[in-house]
Amino acid sequence: PLLTKCVSGALLSLVGDYGAQWFEHKSSDEQQQHKYEGNSMLQHIISLITIRGMYDYRRGWAIAMETFLLSCPLQHFAYDYFESILPVESGSELYRSFAAMVHVFLDCVALDGIFVASTIIVGGIFEGHSLTSHILPNLKYTYFSALRAALLTNLSFAPVEFLSFRFLPLPLRVLSVNAVDLVWNGVVSFASHGGAAVENAAA
């Protein structure tokens, strides 16, 4: 069902964004200079996987809400449309493989451009940023780098997506691709929030 896909996609986007924020936090100059002083192995492990109160909850929920309200429903209906014009579940084996490759291509190329833009714009709105002073400059600053990162991520997972389109029934495809999107969401969240430099420069 659509609701299940949207909920699972939103939860996975939360995890992906946490990964992006963790990477940003761990790679900051301050964190590079931070030295662990505890003696407990458990404390050391916890310090490695957490970001010690620096997690931006509003950003995480903004990404999750964008996924729940826009990206997952669009993906669901787009897959239905792809199947209606070029069905994977009928025809010869060669035809079905060709149709699956076309579906993967459309997913990676046509949908990625929309999803990256919606992550930056709708996510920015949910984060409470100004459309004119932050979101649109951030879109201009980060869109193509975020899109390039998204395309490279999808290219890396193209064999998995092909197998999903080729062998899974239509209702399960979005769920399968959502699992791939765990990494995709993290990459796009990281790339799309590079535009914070725009706001900092304007300050």
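Visitor: How many helices and strands does the secondary structure of the protein chain come to?
Guide: This is a predicted model, where local features need pLDDT of at least 70, side-chain atom pairs count only at pLDDT 80 or more, and totals for chains, interfaces and linings use all residues. Residues are numbered from 1 along each chain as its sequence is written, and side-chain values use heavy atoms, leaving out hydrogens and water. Helices (H or I, at least four residues) and strands (E, at least two) are DSSP runs numbered from the N terminus. On that basis, the tally is nine helices and zero strands.

Visitor: How many salt bridges turn up in a search of the whole structure?
Guide: A salt bridge here is a side-chain nitrogen of Lys or Arg within 4 Å of a carboxyl oxygen of Asp or Glu. Searching the whole structure gives four.

Visitor: Which residues are linked with Arg59 in a network of salt bridges?
Guide: Arg59 meets Asp17 at 2.9 Å, N to O; Arg59 lies in helix α4 (residues 57-85) and Asp17 in helix α1 (residues 2-26), so this pair ties together parts 42 residues apart in sequence. Arg59 also meets Glu24 in a salt bridge, again 2.9 Å, N to O. The network partners are therefore Asp17 and Glu24.

Visitor: Is Arg59 buried or exposed?
Guide: Buried means under 20% relative accessible area, exposed over 50%, and partly exposed in between (1.4 Å probe, protein chains only). Arg59 has 5% relative accessibility, so Arg59 counts as buried.
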